[in-house]
Amino acid sequence: MKYLTLLRYVDSTVMEVDLNTGIYHVVYMPNRDFELLRSGSRFEDSVRAFAQGSVYPDDRGTVLGLLGDYMTQFFSDGLMKRTRKYRVLDQTTGAYYWCYATLLRVDIGNPGQKKAMLVWHRASDEQQEELLPGTMKEGMYRGTVINRLAGGVVKCRNDKWYTLADNGKGLCDLICCTEQDLSEKYHNRYLEIIFPADRDRVSQEMVSQLEEGRITELEYRLVTEEGKLIWVMDRSILVTEEDGLEYIYTLLVDVTQSHKAMEELQMSVERYKIILDQTKDVIFEWEIATDEISYSSNWEHKYGYQPILDGISRRLPFASHINPDDIQDVLKFINDMMTGRPFGEVEFRLANSEGRYCWCRVRATTQFDTAGKPRTVVGIIADIDGEKRATEKLIDRAERDVLTKLYNKRAARHKINRFLELSQGRECSAMLIIDVDNFKLVNDRYGHMFGDAVLTEMASRISSHFRDSDIVSRIGGDEFMVFMPGIGKHEIAMERAERLMASFQTMFKSNLKDVPFSCSIGIAYSPEDGSDFQSLFQNSDAALYQAKLEGKNRCMQYCKSAVNTAFEFKEEADRPEDERESAEQRGQATVAKVISMTFQELYDAADFDQAMNSILEMTGRMFHVSRVYIFENCADSEERCTNTFEWCGEGIRPQRDELRNLAYGDMGGDYRDNFNEEGVFYCLDITELTPELQCLLADQGIASVLQCSITADGVFKGFVGFDECGTARIWTQEQVDCLVFLSKMVSTFLLKKRAEDRVRESMQNLERVLNNQNSWIYVIDGDTYELRYINEKTHRLAPESRLGICCYDAFFHRDKPCERCPVRECAGKGSSAMEIYNPVLKVWTLADSSRIRWGDRDAFLLACHDISPYKVGEAVEGVTLLNLEDR
């Protein structure tokens, strides 16, 4: 404030004074006329010296007023500024001239401080803040000031409360109150009418703007008489009047409605911003005339780079972030919108920051000018990548064979027909139909699950021998079809077919020792053997039958002369009936052996855990697997499991201590979803599983896995499993049957054992509870009075008591029931309580008795509590029962 004052009063003498301490300091003195202000060590001394030596005699009393009520009233009234005028001696000419002495408050934010500045400046005709005679002040200010403010005026003193200096009529109309209300309720203080939350801000901004010597402009809230809030626009000007005080003339305009409109607009803007921030869609606006486009702020967050902003129609055809295959669709959309199409939509692929193309959908609306010409296009860019890929996945799933994941016959036919229509016979292509020889033997000997695994492995092997552009499909149980477009010459198809046959002969040698494995292949060529799917398929199928007739395990190309011969014969049976029955009997015998040994172990073993371990070892050695194990649900959670039993082959690392308290949901999804409707999880190769599950099994060294669920009343309780470590293994039907049997055995015996364990643990816990009660608890037969149960506290008090003897004998040494017996009292009521004295044990007890069922008989539960301390000195007759407390 010191520096603002100096700037405001150029060539003025300035003094700073602290009335609390009497210390003063002359900050600035442009000439020697005020030299006496530096003459004293205290403020009072300097003022008196100045008045005596430099002030006109008639005006000295005015100056000395600084040492009296003038300063005190200035601070008590909270004034900001006050001015007086008197004559000062010009030290150069010896004449007196008029001088304004202005008192300015310092540190207005601290009411306890009494610091001020005194500023003396010479009066002149150009002085902006003149003192006006009383006859002129109302006319001039009402004429000049009001004209400057262009409105009605509220007049306030420039003090800390902005005390009203007129009747406040304009203010009364604004806040709906009377002049009496202003005086009584608001104490004529304008600050008290301002909404409390706005007061500090108004005061600070008012002081700041007034110090700059300009008309203030503020907006804040007033509280009306009814307690409502209204917004006002405040335009004020500071004026010093004849009495030397500063007054603020204020024009107040009610701007409540405009503020409400502004708030609603702001809310709309905020809602719009929230929507933009939360949506994944990008909003754009394209100015057609300038060919410039703007995007919402989430473009860069979503795509990670700066988009094209100008020259849209010119630059987009060469934009690298649009998939080249979609450019023409985008250009057509742009042209349609530029030529006046009211609505438009296009789907295309847009690259993200990682260079991956993501599907998006643009929907836009055209805005037209008054002449009806397209002016602006506004629209959204919606992310439909997930939707598109899900649709493509569903389409692909519909086109794929469920088991082998190759194309099914319908999808393959559609793709082949489309190629043949487009090529119109200009390219040489080949169709191969592949049939597995003697596949029925595989299913009969090893079971359908094994057969499915063989088909899956065959599909993988076939795919590996052909190009990505070739169409590979499964068209029947053990039949496959391959279409090779654009091969150029026939020899290429024959060479691939021969490689495939050689590969088939080496498959499954370790698993199919007694079943020869091979395939037969028929080939037809386009265009010479047919230019449409149906013709090619019939001719390659005829070639396949010719290969079968000539002994199988061979490849035949279509020859028209052989067609009739091929369809005259039927393929003979693959295997005699007695051979198939022999295979089935071998599998049944193996399972029967496992059943017999399992039952023998379970019924003969005294130790259940040892019996389970023996069964796992026996099964593991019989089928030569790496590991056999059992997982059970945790006792405290059906969502977790623990490896409870395990047998490992030689060189296989045990996993039981590592696989404990595993969450089903943390194993690459819910692990239980891997089990089919028969409760079997069959996995030939763990690389086909999810990455998380694959990692979990690979850490255990597992290559193939076969598991069967343990269930109780339809609830998943765990599983039994075989692991093969090192190499992949095809699980045979007898191995599946054996595992299913083991799981059923576990469901019967293991779950029963666990239930018995839980009951036993509950009984032990109950026994501990009863033995730790501070009461003597026992159970009596309702007919014979024989003891059926005694807790430890009872036995310690009456060591001779034991199960089977009568209570009156054990505790009272009597040969018949007591006359006052709680059991008799309880018999007709269900429960009772009575006080009993035991002369043998010399204790008083409060005996609580209740009727209960003990096995298949009625019985009574008694709990006796020691009340001897409360019965000392009393004489008792007819005692019947004891209190069983330790003394």
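Helix 15 (residues 409-423) and helix 19 (residues 533-549) cross at roughly 120°, and their axes come within 9 Å. This is a predicted model. On the helix 15 side, the contact is made by Lys409, Arg413, Ile416, Asn417 and Leu420. Helix 19 answers with Phe533, Gln534, Leu536 and Phe537. By class, the contact of helix 15 with helix 19 has 5 nonpolar, 2 polar and 2 charged residues.

Lys548 pairs with Asp435, and the closest N and O atoms are 2.3 Å apart. Asp435 sits in strand 15 (residues 429-437) and Lys548 in helix 19, so the pair ties together parts that are 113 residues apart in sequence. Are these two residues buried or exposed? Both Asp435 and Lys548 are buried.

The structure holds 43 of them.

| Pair | N to O distance |
|---|---|
| Asp435 and Lys548 | 2.3 Å |
| Arg87 and Asp59 | 2.9 Å |
| Asp336 and Lys332 | 3.1 Å |

Take the second pair. The side chains of Arg87 and Asp59 meet at 2.9 Å, N to O, in a salt bridge. Arg87 belongs to strand 3 (residues 81-89), while Asp59 is in the loop between helix 2 (43-54) and helix 3 (60-64), so the pair ties together parts that are 28 residues apart in sequence. Arg87 is partly exposed, at a relative accessible area of 22%. Asp59 is buried, and its relative accessible area is 9%.

The third pair is local. Where do Asp336 and Lys332 lie? Both are in helix 13 (residues 327-338). They are 4 residues apart, about one turn of the helix. A salt bridge joins Asp336 to Lys332, with the closest N and O atoms 3.1 Å apart. Asp336 has 17% relative accessibility and therefore counts as buried. Lys332 is exposed, with a relative accessible area of 53%.

Salt bridges also form a network. Which residues are linked in it? The members are Glu345, Glu347, Arg361, Arg363, Glu387 and Lys388.

To recap, helix 19 meets helix 15 through residues including Phe533 and Phe537. Lys548 of helix 19 is tied to Asp435 of strand 15.

Terms used: Residues numbered from 1 in each chain as written. Predicted model: local features only at pLDDT ≥ 70, side-chain atom pairs only at ≥ 80, totals over all residues. Heavy atoms only, no water. Axes fitted to C-alpha atoms, helices over the stretch in contact; angles between N-to-C directions. Helix = DSSP H or I, 4+ residues; strand = E, 2+ residues; numbered from the N terminus. Contact = heavy atoms within 4.5 Å. Nonpolar A, V, L, I, M, F, W, Y, C, P; charged D, E, K, R; others polar. Salt bridge = Lys/Arg side-chain N within 4 Å of Asp/Glu carboxyl O. Buried < 20%, exposed > 50% of the residue type's maximum accessible area, 1.4 Å probe, protein only.
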